[in-house]
Amino acid sequence: MNGTSPNGTSPLRISAATAAALATAVLVAGCGSEDASGSAGDGSRGDVDPAAQLYRVQATVLENGEHGPQLCRTLAESMPPQCGGPDIVGWEWDDVRAHRARGTTYTDQLELVGTWDGERFTPAEKPKPAGDGAGPGGPEPAADFDTPCAELKDGGGADGGKDAARDEAGRQRLLDEAAKMPGYAGSWLDGGIVNIRFAEAGDGGGPGTAERELRDVWDGPLCVVGAEHTEEELARVQKRLDKEVEGVLTSGVDPVRNAVELEVVAATPELRRELDRTYGEDTVRLTGWLQPVA
């Protein structure tokens with residue numbers, strides 16, 4: 001961190017340059033290639049401590065005249081392909097089917113398992129062709145946008161044949177009004193059902209008070225549920241994370257889960273524990289390009 005958390009500790013960091021290179025690349029398209037053989041690496045495979053934490057990652061590996069083998073989240077759309085990312089230690093081109101274009105050697109998407117020291121990745125196993133990401137270490141499932149109010153899903157959430165434009169205007173008035181109320185924690189739509197979260201806000205607000213007041217401006221399908229954090233509180237957490245945690249790839253406030261979604265280069269156990277200590281469990285939902293192997 002550039003600062004410290006209230007308990008005086010700091011989340012694990014990677015360099016800002018590495019994060020920026022990973023976050024700004026775009027997918028490769030239309031690049032010609034030819035098979036490349038032989039080892040183009042400049043070092044032997046590094047020894048891996050059997051007790052070290054392992055990480056799984058899906059990535060392309062690329063080497064050119066400017067840098068040795070590096071992990072790439074995506075490739076730049078160019079000829080030759082380009083990317084920037086963490087160095088990969090002990091890489092052996094003989095282990096993979098590679099392509100060569102204008103002095104650049106690169107792979108298709110691979111699944112790699114190895115160690116991570118905060119800046120460099122060291123393979124612990126031979127690479128395999130990338131899968132669909134649904135296995136161990138893959139991305140977490142997307143938020144479920146179904147309404148928490150089961151009675152509305154069971155036939156009570158239909159629009160009832162109202163004029164669509166009028167309904168849209170009414171929903172917008174509802175959302176505008178809700179955002180001004182104490183304890184507002186975000187909203188989302190599930191078909192025609194408006195879902196709104198409110199945290200307790202003393203005598204001036206909370207789910208019960210909010211629902212009674214909102215019924216004055218909307219008579220359509222409405223589900224009001226509680227929340228631990230207000231939207232404003234989560235926005236402050238997101239802003240602090242963006243400023244203090246180096247290596248952030250994406251971040252955002254998730255009203256469905258009432259949490260901040262944070263994607264980093266490596267979702268290390270140390271960083272996960274630090275975020276839980278600093279902000280409370282489940283306040284920050286951490287995912288990483290590099291996922292710890294259990």
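**Exercise 1. Pairing of β2 and β3**

Leu62 stands opposite Gln70 in β3; starting from this contact, determine how many bridges join strand β2 to β3.

*Solution.* Before any counting, note that this is a predicted model in which local features need pLDDT of at least 70 and side-chain atom pairs count only at pLDDT 80 or more, whereas totals for chains, interfaces and linings use all residues. Residues are numbered from 1 along each chain as its sequence is written, and side-chain values use heavy atoms, with hydrogens and water left out.

Step 1. Strands are DSSP runs of E with at least two residues, helices are runs of H or I with at least four residues, and both are numbered from the N terminus; two strands pair if DSSP finds at least two bridges between them.

Step 2. Strand β2 covers residues 55-64, and four bridges join it to β3, the two running antiparallel.

Step 3. Strand β3 (residues 67-72) is largely enclosed by the rest of the structure, because five of its six residues are buried; here buried means under 20% relative accessible area, exposed means over 50%, and partly exposed lies in between (1.4 Å probe, protein chains only).

**Exercise 2. Salt bridges around Glu111**

Identify which side chains meet that of Arg56 and that of Lys128 in a salt bridge, and state where the partners lie.

*Solution.* Step 1. A salt bridge requires a side-chain nitrogen of Lys or Arg within 4 Å of a carboxyl oxygen of Asp or Glu, and by this rule the count comes to twelve salt bridges.

Step 1. Arg56 meets Glu111 at 3.3 Å, N to O. Since Arg56 lies in strand β2 and Glu111 in strand β7 (residues 110-116), this pair ties together parts that are 55 residues apart in sequence.

Step 2. Arg56 is buried at a relative accessible area of 19%, and Glu111 is buried as well, at 16%.

Step 3. Glu111 also forms a salt bridge with Lys128, at 3.8 Å from N to O. This pair links distant parts of the chain, with Glu111 in strand β7 and Lys128 in strand β9, 17 residues apart. Lys128 is partly exposed, with a relative accessible area of 43%.

**Exercise 3. Asp216**

Decide whether Asp216 is buried or exposed, and locate this residue in the chain.

*Solution.* Step 1. Asp216 is found in the loop between α4 (207-214) and β12 (222-227).

Step 1. With a relative accessible area of 69%, Asp216 is exposed.
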